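User: I would like to learn how to read side-chain pairing and packing in a model. Please take me through one case at a time.

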Amino acid sequence: MNAVRSPSSSRRATAWLLFALAAVGPSLRAQQGPEVAAILRQADGSPMTLVYDLAARLGDLAPPKNLDTFRDQVMRAVRDGAPADKGRLCAALALRELKDDATYGKDVLELLLPLATSADDAVRAASIAVLGQERLFNNRVLPDVRKVVATHCKDELAPPLVRIEAALALWQVGSNEDRATAKATLEQFLQSGDRDLRQRGALALAELNIDGGPAWTVLREIRHEPTDAGRRANLFLQREEQRRQFEQMLARMVERGAGTAAADTADDYRMLTELRQRIRAQHIRGNTVSDRELIEYAAKGMLQGLDPHSTFFTGEEYKRFFFDLNREYGGIGAFVNFDQDGDFSIVRPIYSGPAYENGLRSGDKILEVDGWETSGHTSDEIVSRLKGRPETPVVLKVFRPGFQEPQMLTIVRRQIAVPAVNWAMVPGDIGYVELISFSSNLSEELRRALADLTRRGARGIVLDVRNNTGGFLSQAGDVVEQFLEGRKLVVYTEGPAEPRREYFTDDHARPVCKLPLAVLINNFSASASEITAGALQDHGRAVVIGQRSFGKGSVQNLFALRSDPPEPWQDLNQDGNWQEGEPFTDRNGNSTYDVGAHIKLTVAKYHLPSGRCPHREFDKEGRIVDPNWGVMPDKVVDLLENKPEDAWKNAAVFALLRKGVFREYVKTHMPAHEALFRQLAEGDEGDPARYPDFAAFYAGLETKLTEDDVRRWLRYEVRDQISDLRGAVYPGQRALGDPQEDAQLQEAVRTLLAKDGRDIRDVAAYQKVLKIKFPEEPRTSVK
């Protein structure tokens with residue numbers, strides 16, 4: 001194992017090879033292609049101890065200012081020459097060292113994946129060791145890497161050397177749950193009857209800085225042996241002894257009261273103790289709140305006092321937060337909540353999910369789940385029973401107005417991916433794409449959306465990140481990459497303890513949308529949304545329209561707390577995440593799986609390609625530090641459904657919504673007017689008379705709202721119910737994303753049409769419903 005993981009040791013053992021190869025290197029610089037192929041062939045015929053040295057020699061051929069060309073030469077030599085396993089490994093090792101980031105990660109992965117099943121155990125182990133270097137791989141390929149590594153780690157029939165390397169790799173690239181798997185795998189080797197395997201397992205655990213346990217007993221047994229394993233064990237033990245001595249010295253300093261800081265810390269803890277006592281004695285909830293809750297409150301206050309974005313998550317809070325970023329779960333596929341009657345109902349099915357496929361529609365009431373009544377229970381309790389392991393059945397008792405009696409429905413749960421993108425073609429042949437969240441499934445969904453809109457003849461794209469508060473920073477880079485050609489800087493991050501890290505678009509050949517582009521933002525567009533809008537704006541690729549963005553330019557990292565680890569569970573579907581129905585060890589006895597406490601800590605700020613940081617920061621007096629915060633749109637357009645003086649209308653509309661008058665009208669008229677309602681959902685030209693019996697309906701409301709106000713909310717309900725019939729949601733929400741009601745979207749359409757020599761006023765669908773103003777100037781358009 002040591003020879004596989006330590007290129008430096010093999011270099012010392014084979015210095016003569018470096019000397020021999022160095023003699024021919026400079027004279028062949030102009031003929032790198034043949035020399036690359038020659039080195040790969042030599043690697044195929046060499047023992048493993050020499051492959052690392054040949055990889056180093058291959059890397060030395062790379063001209064510092066033209067690394068990409070060299071990378072292409074290496075990949076061409078592999079594809080054309082079809083080297084055997086050691087040649088491929090040599091090429092991967094050489095590319096690995098060219099850049100200290102994920103620039104060449106896809107190439108390295110292409111070279112290594114076939115080696116993971118090599119008949120040569122040493123090659124197989126070496127390839128997996130490289131897969132464990134997380135810096136090489138971006139978020140698009142990292143899941144594939146984790147899957148390969150985890151498979152070998154869990155394969156009890158795999159050669160021991162391969163399993164150990166796979167466990168070490170999984171520790172580096174996997175989640176907290178993956179790390180638990182890696183640790184358990186290595187601990188298995190400590191029980192082996194083979195002394196060499198016990199040593200390898202113990203050394204691997206020490207390499208992961210796992211303190212204590214039987215591994216350290218094995219290390220103490222061999223530390224004085226004159227072998228590589230003995231010398232490594234001795235180094236690990238010395239390091240541990242030095243750490244323990246340092247901790248003991250620190251403890252003695254605290255006991256002596258050394259330094260003002262130690263005294264101040266003690267005083268602070270006394271303050272917390274006094275607060276706890278006063279809460280217990282005097283607060284109205286003092287006899288009901290637990291010490292654990294008080295500690296959680298203190299942790300939240302400590303982090304929130306630093307900045308608005310650092311926070312402490314309890315296990316339950318982290319599960320909800322994690323779902324927002326990784327929008328997948330096992331379940332029936334529906335948005336659910338209590339309706340105005342207090343019944344637990346389907347708000348809207350996910351149209352690609354099993355609930356919709358089995359006939360569930362918006363408004364259906366769920367009375368029972370597997371014979372368990374939903375009445376009297378909380379939403380979380382009901383949802384936990386609806387969710388479960390994919391491919392398991394759940395029996396629902398469902399009622400819908402018009403049913404003679406409730407119906408029993410069996411649905412087989414599936415892995416559900418909550419959509420991150422909605423899209424549609426709006427009048428004028430403009431593709432409208434709503435980015436709901438920057439979750440892990442965003443980039444692939446956006447790719448499908450752009451391909452679909454292009455196929456349907458879109459002549460421009462509107463990208464909408466309004467009300468999108470962000471998510472994964474890497475997903476912002478993946479979005480920008482779909483609109484920019486070549487290698488371009490998207491964003492860089494930098495902090496006191498975080499070195500500058502730059503994120504670029506991929507310079508490989510890839511599909512790029514070249515249509516004219518507009519981006520919609522508002523004061524709730526934050527973080528990854530601002531990176532997307534700001535980067536496209538800085539590169540001159542998009543016109544940004546709307547309102548100034550939120551101004552969140554800080555970067556947060558997630559950290560699990562060792563003091564509150566997750567409960568162990570059995571990963572039945574091998575997805576790396578606990579799902580409802582998977583067995584777990586209930587350590588705290590609450591019958592609910594606990595993922596453990598986590599913190600989100602601000603560690604850096606991000607900067608757009610131009611160098612500007614959109615972060616809105618305040619000084620101690622509450623004044624804004626930089627007046628140029630946020631992303632400023634190129635065209636400022638407000639979106640006001642109601643004027644400020646018409647704010648009373650919100651209460652009037654809410655009262656009608658509570659009565660369900662719009663829903664009842666549409667349900668009553670839908671059977672006889674479905675074709676008409678499908679047309680009205682697309683656009684009603686602002687004409688209430690197009691709705692059947694509208695005059696009588698409006699008179700019966702006895703409302704001070706205008707006919708146009710009622711028409712607008714009636715159309716929103718029509719769009720909701722037509723969504724069920726057509727099996728696809730309309731992008732946006734209410735006015736937002738509706739080309740008839742959304743002034744910011746109309747401005748984006750006008751801007752894109754103008755680039756094509758057209759005028760939005762010439763598009764029939766907009767002529768009677770335009771919300772935007774026009775300067776008094778001659779009209780020029782090309783029809």
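User: Which side chain makes a polar contact with the side chain of arginine 711?

Analyst: A polar contact is a pair of N or O atoms within 3.5 Å; within protein, one must be able to donate a hydrogen and the other to accept it, and residues adjacent in sequence count only if both atoms are side-chain atoms. Here the partner is the side chain of aspartate 684, at 2.9 Å. This is a predicted model: local features need pLDDT of at least 70, side-chain atom pairs count only at pLDDT 80 or more, and totals for chains, interfaces and linings use all residues. Residues are numbered from 1 along each chain as its sequence is written, and side-chain values use heavy atoms, with hydrogens and water left out.

User: Where is arginine 711, and is it buried or exposed?

Analyst: Arginine 711 sits in helix H27. Helices (H or I, at least four residues) and strands (E, at least two) are DSSP runs, numbered from the N terminus. Buried means under 20% relative accessible area, exposed over 50%, partly exposed in between (1.4 Å probe, protein chains only). At 2%, arginine 711 is buried. Contact means heavy atoms within 4.5 Å. Beyond four places in sequence, arginine 711 touches Asp684, Gly686, Asp687, Pro688, Tyr691, Phe694, Gln740 and Glu741.

User: How do I read a salt bridge, and how many does a search of the whole structure find?

Analyst: Side chains of opposite charge can pair when their charged atoms come close. The criterion is a side-chain nitrogen of Lys or Arg within 4 Å of a carboxyl oxygen of Asp or Glu. The search gives 44 salt bridges. Take glutamate 225 and arginine 195, which meet at 2.2 Å, N to O. Their positions are 30 residues apart: arginine 195 in helix H13 (residues 195-207), glutamate 225 in the loop between helix H14 (214-222) and helix H15 (228-255). Glutamate 225 is partly exposed at 23%. Arginine 195 is also partly exposed, at 41%.

User: What does the pair of arginine 612 and aspartate 538 tie together?

Analyst: Their closest N and O atoms are 2.7 Å apart, a salt bridge. Arginine 612 is in the loop between strand S18 (598-607) and strand S19 (635-636), and aspartate 538 is in helix H23 (residues 528-538), so the pair joins parts 74 residues apart in sequence. Arginine 612 is partly exposed, at 27%. Aspartate 538 is partly exposed at 27%.

User: Which residues have the most contacts inside the largest nonpolar core?

Analyst: A nonpolar core is a set of buried Ala, Val, Leu, Ile, Met, Phe, Trp, Tyr and Cys residues joined through side-chain atoms within 4.5 Å. The largest has 78 residues, with Leu58, Cys90 and Leu219 making the most contacts inside it. Helix H11 (residues 160-173) gives the largest share, ten residues. Apart from this core lies another, of 40 residues, including Ala528 and Val631. Leucine 58 contacts Val36, Ile39, Leu40, Phe70, Cys90, Ala91 and Ala94, leaving aside neighbours within four places in sequence.

User: Which helices do the buried residues of H12 pack against?

Analyst: They pack against helix H10 (142-154), H11 and H13. The buried residues of H12 are Glu177, Asp178, Ala182, Thr185, Leu186 and Phe189.
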